[in-house]
Amino acid sequence: MVFWVTAFLDFAADDAERGLAFWRDVTGYAVSARRGEDDEFATLVPPDGDEFLKVQRRGEGSSRIHLDVHHHDPRAAADRAVERGAHEVFASPHGYVVLTSPGGLTFCIVSHPGQRRPTPVVWPTGHHSMVYQVCLDLPTATYEQELAFWTATLGARAEVLASRAEFSWLRPPRQFALDLLVQRLDDAHGPVRAHLDLGTPQRPAEVARHEGLGATALVTEEFWTVMADPGGLRYCITDRDPRTGRLA
């Protein structure tokens, strides 16, 4: 059974250092010691709870998000994912497996532990926020297959948002640090992508804080604002209170 999900911020080589600094400051988390053959990996360490955000400097390619799916038996879980339409890319001698979903989203199946959800950080203005969600952005041509794949892989049920039928939450048997949302895009074709969502009951103050750190507000919607970090990686700030899970 999947027991945790981690989001990886995979930065293009030229954006890695400023990307790491930005997300360190946005989350208020400490940065672990670097690791990997070229010091390409680091973890954003919350003051309480377990880690759920990591960073990687890519050797090539643009910035993106990939997921780590935590399972007690990565090899068996990877085999089942392949049966559902995933493609295996690499099996590490260290025990993790790299795959792509049927629509092409990179993810890994790993075994390291995680179970305690961190609490939101309170900022000097008095408001609080937290990265609380990963949204999978699915073109219409691959939507049904990809939704079925992730529902089965996570052992989740899909819950359609009543007011916006293009959105569905994936509800696993247990609560992770990250909620999982699926969005059906208007685009018929294209790659499956993922983005992070931060929640706060004080969206204007949170948007201003991010802009002060170098982000750009791109689009303001009724319940969220689309942002770009200093390297152009898109994410959203939403009105969902990460303490309660409800809209502010």
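A residue is called buried when its relative accessible area is under 20%, exposed when it is over 50%, and partly exposed in between (1.4 Å probe, protein chains only). The model is predicted, so local features need pLDDT of at least 70 and side-chain atom pairs count only at pLDDT 80 or more, whereas totals for chains, interfaces and linings use all residues. Residues are numbered from 1 along each chain as its sequence is written, and side-chain values use heavy atoms, with hydrogens and water left out.

Helices (H or I, at least four residues) and strands (E, at least two) are DSSP runs numbered from the N terminus. In helix H4 (residues 203-212), the buried residues are Arg203, Glu206, Val207, Arg209 and His210. Seen down the axis of H4, these fall within an arc of 160°, so they line one face of the helix; the arc is that of the directions from the helix axis to the C-beta atoms. Pro204 and Gly212, on the other side of H4, are exposed. The buried residues of H4 pack against H1, E10, E14, E15, E16 and E17, where contact means heavy atoms within 4.5 Å. Gly214, which follows H4, has a positive phi near 115°.

An open sheet contains 8 strands in the order E2-E3-E4-E1-E5-E8-E7-E6, with mixed pairing; two strands pair if DSSP finds at least two bridges between them. Strands E2 (30-31) and E6 (87-91) stand at the edges, each with a single partner strand, so one side of each has no neighbour in the sheet. E2 runs antiparallel to E3 (residues 41-45), to which 2 bridges join it. Val31 stands opposite Leu44 in E3.
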